[in-house]
Amino acid sequence: MTSALLTDQYELTMVDAALKDGTADRRCVFEVFTRRLPDGRRYGVVAGLGRFLTALTDFRFGDEEIGFLRDRGVIDEGTAKWLADYRFTGDVRAYREGEVFFPNSPVLQIEGTFAEAVVLETLALSIFNADSAIASAAARMVSAADKRPLAEMGSRRTGEWNAVAAARAAYIAGFGATSNLEAGRTWGIPTMGTAAHAFTLLHDTEEAAFRSQLDALGTGTTLLVDTYDIEAAVDTAVRLTDGKLGAVRIDSGDLPSVVASVRAQLDRLGATNTKITVTNDLDEYTIAALRAAPVDSYGVGTSVVSGSGHPAAGMVFKLVAHRSADGDDWVPVAKKSADKASAGGRKEAGRRLRNGIATAEVVLTSGPVGPDERPLLVPVVTNGEVHQEFLGVHGVEAARAHHKLAKAELPADASRIGRGDPAIPTLVI
């Protein structure tokens, strides 16, 4: 399936005009960055690179797509011919997936002709904005959970394919599992899930529902205990398993007090190894509030797939340099608009470190990064060829591993959930 029409019309009308005036083949550099982080966020997390590279590979205009554009009057015959032969032949550099970013970090850098690069704007932004917003929210939840595992359970709160992408982004940021089976199949993410309230309500008694689930899944399963009366359900669960039940799940109520009560009851009944998992509209703030409670794991739905109130990462796609008319020199270009000014020129970027801890994001408009700065931009497409190590299941696992390293470099207070400035300053030099 082609990704070519996952774009906005003005990209193709610009190509149409540029082909007519002779600027379509002018070499250009575009960059993706965010001017500011969402309120209260101290860093962002790059996610979506592997998905973007896959979509770039599939960015082709077939007869059906070109016919649609002709019928709508979007392009003329010359542009139709150009689109039929479209293949991206340029270079792409990017922050590794899982990397943390800050205001003005050039997370994606695309170099190619104007026409072949400008048509990628919406494709890049739609993927990076959504995936990075989810990964950024998920990373905050991981910090709030304080090493206790989290599962992503938000498929029913977003679009069906958005759910697959959301599970991937959350996993990169440190979630341990997802309820979404397509995400498990496509991206190799561990999957989890047992039963909902409907299963208990189906049976004549709660005990009958528990017996059925235990017969099917064994005593290591997780029983949902808040359909009717939590105390009675826990008594039944422990009795049916001789205290060897894997876990109970709580999905309602005043969680700190309910969890404490259930933990005390389990211990009193001898089920000291039975774990407690909680769900119920959790976000980073409720997870942080449960830090002192005897919770063993969390399931998060709506908040993580919606970016916890910030569904887009605020990224923009801007032309920062192009070749001069004679092709001899690079010309930096930048917007001067109020509140939307940008820095012109192709960037280099490095994370300044002191004793292994980040002190600044350094963005340079010329020259390489310094010896005390970890280079952040790596080649991901060369002469139109995608580097395969960033794709598929392997790419996801590499991104997850890199995120742990990048997050470990941040100052200790970067994981604070309360409002604050970016964890480190961005120095544009």
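This is a predicted model: local features need pLDDT of at least 70, side-chain atom pairs count only at pLDDT 80 or more; totals for chains, interfaces and linings use all residues.

Trainee: How many helices and strands are in the protein chain?

Mentor: Count the elements before anything else. Here the protein chain has 15 helices and 19 strands. Next, look at the extent. The C-alpha atoms fill a box of roughly 85 × 55 × 35 Å along the principal axes.

Trainee: What percentage of the residues count as buried?

Mentor: Burial is judged by relative accessible area, with buried meaning under 20%. Of the 429 residues in the protein chain, 52% count as buried. The chain still exposes about 18900 Å².

Trainee: What share of the contacts comes from residues 24 or more positions apart?

Mentor: Take the contacts with a separation of 6 or more. In this chain, 74% of them join residues 24 or more positions apart.

Trainee: And how far apart are the mean positions of the positive and negative charges?

Mentor: Find the mean position of each set, then take the distance. The 46 positive and 56 negative charges have mean positions 5 Å apart.

Trainee: Now the helix pair. At what angle do the axes of H11 and H12 cross?

Mentor: Treat each helix as a line. H11 covers residues 230-241 and H12 covers residues 255-268. Their axes come within 10 Å and cross at roughly 30 degrees. The crossing is right-handed.

Trainee: Which residues of H11 and H12 meet?

Mentor: Read one side, then the other. H11 brings Ile230, Glu231, Val234, Asp235 and Val238. H12 answers with Val258, Val262, Gln265 and Leu266.

Trainee: Why does glutamate 389 count as partly exposed?

Mentor: Partly exposed lies between the buried limit of 20% and the exposed limit of 50%. Glutamate 389 has 40% relative accessibility, so it counts as partly exposed. Its place is the loop between strand S18 and helix H15. Glutamate 389 and glycine 50 are 339 residues apart in sequence, yet their C-alpha atoms are 9.1 Å apart.

Trainee: Is proline 311 buried or exposed?

Mentor: Apply the cut-off again: exposed means over 50%. Proline 311 counts as exposed because its relative accessibility is 60%. Proline 311 sits in the loop between helix H14 and strand S12. Leaving aside neighbours within four places in sequence, proline 311 is in contact with Asn129, Ala130, Ala133 and Ser306.

Conventions. Residues are numbered from 1 along each chain as its sequence is written. Side-chain values use heavy atoms; hydrogens and water are left out. Helices (H or I, at least four residues) and strands (E, at least two) are DSSP runs, numbered from the N terminus. Buried means under 20% relative accessible area, exposed over 50%, partly exposed in between (1.4 Å probe, protein chains only). Contact means heavy atoms within 4.5 Å. Accessible areas come from the Shrake-Rupley method with a 1.4 Å probe; for residues, only the protein chains shown count as cover. Lys and Arg count as positive and Asp and Glu as negative; His and the chain ends are not counted. The place of a charge is taken as NZ of Lys, CZ of Arg, CG of Asp or CD of Glu. Axes are lines fitted to C-alpha atoms, for helices over the stretch in contact, and angles run from 0 to 180 degrees between N-to-C directions. A crossing is left-handed if the near helix is turned anticlockwise from the far one by less than a right angle, and right-handed if clockwise.
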